[in-house]
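Work through the exercises below with the sequence and the structure at hand. Each task is followed by a worked solution.

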Amino acid sequence: MAHREEAAPGPVASSPDTTAGDPRRPPGARSGAVLLIGTLTSNVLSYAFFAVLSRTLSGDDLGAVGSLVNLSVLAGVPALGLQLVAARLVSRAMSGDAADGGRLGPGPDAEAAASAIHGVMRASAALGLLTAVAVAALSPVLAHLLHLSPLTVVVVGAAMLPTAVVFAAQGALQGSERFVRLAVVLAAAGVAKFAAAWLVTRSGGGVGTVITLFALGWVVVAGLALALLPRGGRPLAALLVSGRHPERPRHLARLVAAAVVPTSGLLFLSSLDVLLARHHLAPEASGAYTVGALFEKAAFWGLGFLATLFYPAMAQRSRRRAALLRALAVTAGAGTIGVALTALLGTWLVTLVGGPAYAALGPGLWRFTALGVCLALVQVIAYAGVAAATTRMGLAMWVAGGLAVALVSGHHADVDAVVDVMLGVAVALVVVGLVIERRSLLDPGEARGEDGPTSVSERRRARNDPRRR
């Protein structure tokens, strides 16, 4: 997924919402600022969603909402994999590079990009529908495990269709370098989420009302994302009309399946603690953990834009090492500041966000922030793996998740016990990730990005591609 800026051909170079920079270097401040604004707006409003509800719902109901929202995150894992695949395919199509076996079809770059967008948007509709059916089928089991109403779980499943459309559109915007439009979609998701909480405070509804409005918000954001797609993609037709390449859905499915291993491991880990707290802790303690987890999410999601920003550069052989080092350094530096602030101002911050009832979380609040920072570092390493078409970090994350489940099952006396286990697992995973990426960090020529195929299957496709003969 090339990060072309000043030298981009065709419509990308002339797009008013494309940032400029040096394509030989890791993404610069302007690209980062655009993504930061969109991400920050989305995340602040997402945190406000729980902050507002914490003053309206009981601890039990707040824990239920937290579990349902995190369930939606886990169910959206395949959609996130599709986003990363979409970004890579669209970007390489815009540059005329199909080295990753994307098989975008013949024709000029603009036509290839339109074909790529067509394919991923149609795939998003199918993926969202399949996910919705799967969640609905599992709703009795999930409701029993999380002490929820089966109907609320079904509503979460229904939200997966528009969610998949949004993620695919975000990937298309990222790949075509429409950073302003991408930021608008990210911010709109936060606005829709906050609006659900605000409407509940006005209407006095409960868990069911919150989740229904939450799902409707995704429908609105999906409409906006489709409207902002590049015109050449014909986004509405992309969801309804078959493309000219019948093999593309199967090929996209294989690409998404490969990307899902690390992305699913990441989102599983980032949502697991709230679900474990809901299952093992008393209702009020589960609500308290949900409030503390807001600071974990603030660190994780607040730093998450860095992995998105550096992802294109990490896919390129000549830029991979510098991008990975820079992403890790900036994430760790900003995260250290966040941990220090919550260590010094923990009680004041948690009282401000959750109210006086949660002041007891203050002294240990820094541990939630540290957990979020570690997960952000894991995200950088995971994205580096996706960019290089490897799954080792993804497998390591799933192993870490299983270890966390086992350890929390035996150590869940209170909120502190759960967060301590999760923090220990996250720190260990960062170390494992650095070992996995040691060659990329030490040898800039070791990784293969856009300058060459990254896997045996890709090298085989490249050798057999008649366009390369």
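Angles under 35 degrees count as roughly parallel, over 145 as roughly antiparallel, 65 to 115 as roughly perpendicular and the rest as oblique. The model is predicted, with pLDDT of at least 70 needed for local features and 80 or more for side-chain atom pairs, while totals for chains, interfaces and linings use all residues. Residues are numbered from 1 along each chain as its sequence is written, and side-chain values use heavy atoms, without hydrogens and water.

**Exercise 1.** Determine how H7 and H8 are oriented to each other.

Solution. Take helices as DSSP runs of H or I with at least four residues, and strands as runs of E with at least two, numbered from the N terminus. Helix H7 (residues 160–175) packs against helix H8 (residues 179–203) at about 155°, with the axes 8 Å apart. H7 and H8 are therefore roughly antiparallel.

**Exercise 2.** Which residues make the contact of H7 and H8?

Solution. Contact means heavy atoms within 4.5 Å. H7 contributes Val166, Gln170, Leu173 and Gln174, and H8 contributes Arg181, Leu182, Val185 and Leu186.

**Exercise 3.** How many helices and strands does the protein have, and what percentage of its residues is buried?

Solution. The secondary structure comprises 18 helices and 0 strands. Of the 469 residues, 58% are buried (under 20% relative accessible area with a 1.4 Å probe, protein chains only).

Key:
Axes are lines fitted to C-alpha atoms, for helices over the stretch in contact, and angles run from 0 to 180 degrees between N-to-C directions. Buried means under 20% relative accessible area, exposed over 50%, partly exposed in between (1.4 Å probe, protein chains only).
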